[in-house]
Amino acid sequence: MNGKPESVRLPEQHEMVPPMIGPGHTFHSVTDKISSVVLTQRTPLWWFIGFAISFSLLMLLLLSVSYLFMKGIGIWGVNIPVGWGFDIINFVWWIGIGHAGTLISAILLLLRQEWRTSINRFAEAMTLFAVACAGMFPILHLGRPWLAYWLFPYPNTMGVWPQFRSPLMWDVFAVSTYATISLVFWFVGLIPDLATLRDRSESRIGRTIYGLLAMGWRGSARHWHRYETAYLLLAGLSTPLVVSVHTIVSFDFAIGIIPGWHATIFPPYFVAGAIYAGFAMVLTLAIPLRKGFGLEDFITMRHLDYMGRVMLATGLFVGYGYVMEMFTAWYSANPYDQYMIINRLTGPYAPVFWSLMVCNIITPQALWFQRVRSSVPGLFIVSMFINVGMWLERFIIIVTSLHRDFLPSSWGMYRPTFWDYSTYFGTIGLFLTLLFLFIRFLPMISIFEMRTMVPEAEVKEHAA
Amino acid sequence: MTPRPPLHGLMAEFTGPNELISAVRKAREAGYTDLDAYSPYPIEEVSEQLEGHASRVPLITLIGGIIGGICGFGLQYWVSVIAYPVNIGGRPFNSWPAYIPITFETTVLFAGLSAVMGMLALNGLPMPYHPVFNVSRFARASQDRFFLCIEATDPKFDREDTYRFLERLVPRSVSEVDH
């Protein structure tokens, strides 16, 4: 990141945009500020309150899953014709949220967008936790979840093997690869910071645990060289990976023949939706975190502004997806496809559809205005709308397509039960519990990458 | 085996990246070869002077990716054509386009894991013990200080001369690194 050509910027341009890091920071102050959240600061009261609420929700998940294992998926509202309900809606919603973390850490790294530095660590953590929530749902909805390992190709006494022509099998490989690579990427990014924590920790137990995790990292120049190469390669690999994962998720639908699913627009439309949802979630988390831990110098207004712009752009892609879905239905001259659209607009689930339009298409237009993008509450409200909107989008895609397909005699309605909601809110509890533990025990901003941003790090020409 | 030198080396501490870059260059010019620099974040200019040749991590990653791709496709071919052929809507047993997504995923998985394992292995990590940690000031190498260590295995290494050489680089301190 040193000797960067983009530092040759016009001075006026520099003054116009707010800085990427607050003034007066040094190697020491950056290290101190970020690591003190983990090591020395007293855990704030709001952390305990937040953790208690999240943990209670996690216990609700435990309860719901235990009951599910006892009774089977009959406790949910799914039935014929709507065999996929909250389980798959939540799966797609969570995995989409995860995608922004990879986008920020990988694609923005390759594009040399330095503003990613202060948000990539917790965005990656968000990815991991979202994938953990997502991964539960396909397993839970299997009916006999304890046999989930049958999905993997392993030699067994039954003499059967998986069916590799099915997108559901592709999903198994895509999601497990994504989870593994995200975990590795996140951990590799953490190694130098774990070494910092090891060297700064006052307690014996802290030194031992962080020391074990840091694996003896000592910041040797030769190590840094290989480290950076490996990190860049991982970023390069994660970029097509993240696109492939949501593409494959969209194949779960697009390869079926159900009107409303069988569309070639699905892969790009899903990927754009994933990034859209993910950035909304990053903002939803970043805004309280920077406030709670006083990290406004690192996650600046400029970061929030940029995230707002990414949301606006991806929101427009998603809007294009909606329009093309309707256009294709009309242009196909296929009565089933046409009815699917009319049913969405005016059928029994029309209120959900119109709420979706408000959340995903109308509200984000506020991001065109600088005033909204430079207002913290404004961004927070818009991001909450998008979080809800993206969930509604998956509801519309899944439920309205299934509940009225070809034969009116097989039409039906889907009504979620208490256990549908409890499982969903339970995974939000799991997500937030993991997130609270993460911000308490690991540096939520990459310390070593922040060091490269301070003025001291500037390499003078004569030295090189 | 030659007897172990009494010291691991001599270590100078600097306060900024520019001091470290020029110190490494001067040490190189003075003919030292066994040296290492330590910094709290990657500094390209230092790595360039120490690491003459390109790293082997990309090659390892490429090999890992190729193995992953072959394994992924091979698995699907073997299962669908040899071990458990099932007629799905009259499609050929080797319906290869349907095998591409999983082949892609296993390629990325193997390549990514090879990149990380390769990086760690070449760096010799995890390493529970290393002499540089015997210098108490070295704890700041992971925070805000920059270190240059000339190792005792260097043919030019001499306890007195090297010490004086390091002193001339105007470091913040020079320490002996015990084994």
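This is a predicted model: local features need pLDDT of at least 70, side-chain atom pairs count only at pLDDT 80 or more; totals for chains, interfaces and linings use all residues.
## Contact between the chains

Chain A brings 55 residues to the contact, while chain B brings 61 residues. On the side of chain A that touches chain B, the elements giving two or more residues are helix H2 (27-39), helix H6 (167-200), helix H8 (221-254) and helix H16 (447-451) of chain A. H8(A) provides the largest share of that side, with 16 residues.

By residue class, the side of chain A that touches chain B consists of 29 nonpolar, 16 polar and 10 charged residues.

## Domains of chain B

In the domain assignment, chain B holds domain 1, made of 7-54 + 128-178, and domain 2, made of 57-123. Taken over C-alpha atoms, the centres of domain 1 of chain B and domain 2 of chain B are separated by 44 Å.

## Strand E3 of chain B

Strand E3 of chain B covers residues 146-151, and because six of its six residues are buried, the strand is largely enclosed by the rest of the structure. The burial applies to both faces of E3(B), with Phe146(B), Leu148(B) and Ile150(B) on one side and Phe147(B), Cys149(B) and Glu151(B) on the other.

Strand E1 of chain B, residues 7-14, pairs with E3(B) in the antiparallel sense over six bridges, and in E3(B) it is Leu148(B) that stands opposite Ala12(B). Strand E2 of chain B, residues 35-38, also pairs with E3(B) in the antiparallel sense, over four bridges, and here Phe147(B) in E3(B) stands opposite Tyr38(B).

Terms used:
Residues are numbered from 1 along each chain as its sequence is written. Chains are lettered from A and ligands numbered from 1 in the order in which they are written. Two residues are in contact if their C-beta atoms, placed from the backbone, lie within 7 Å. Ala, Val, Leu, Ile, Met, Phe, Trp, Tyr, Cys and Pro count as nonpolar, Asp, Glu, Lys and Arg as charged, and the others, Gly among them, as polar. Domain bounds come from an automatic or database domain assignment. A residue is buried if 20 or more other C-beta atoms lie within 10 Å of its own, exposed if 12 or fewer, and partly exposed in between; C-beta atoms are placed from the backbone. Two strands pair if DSSP finds at least two bridges between them.
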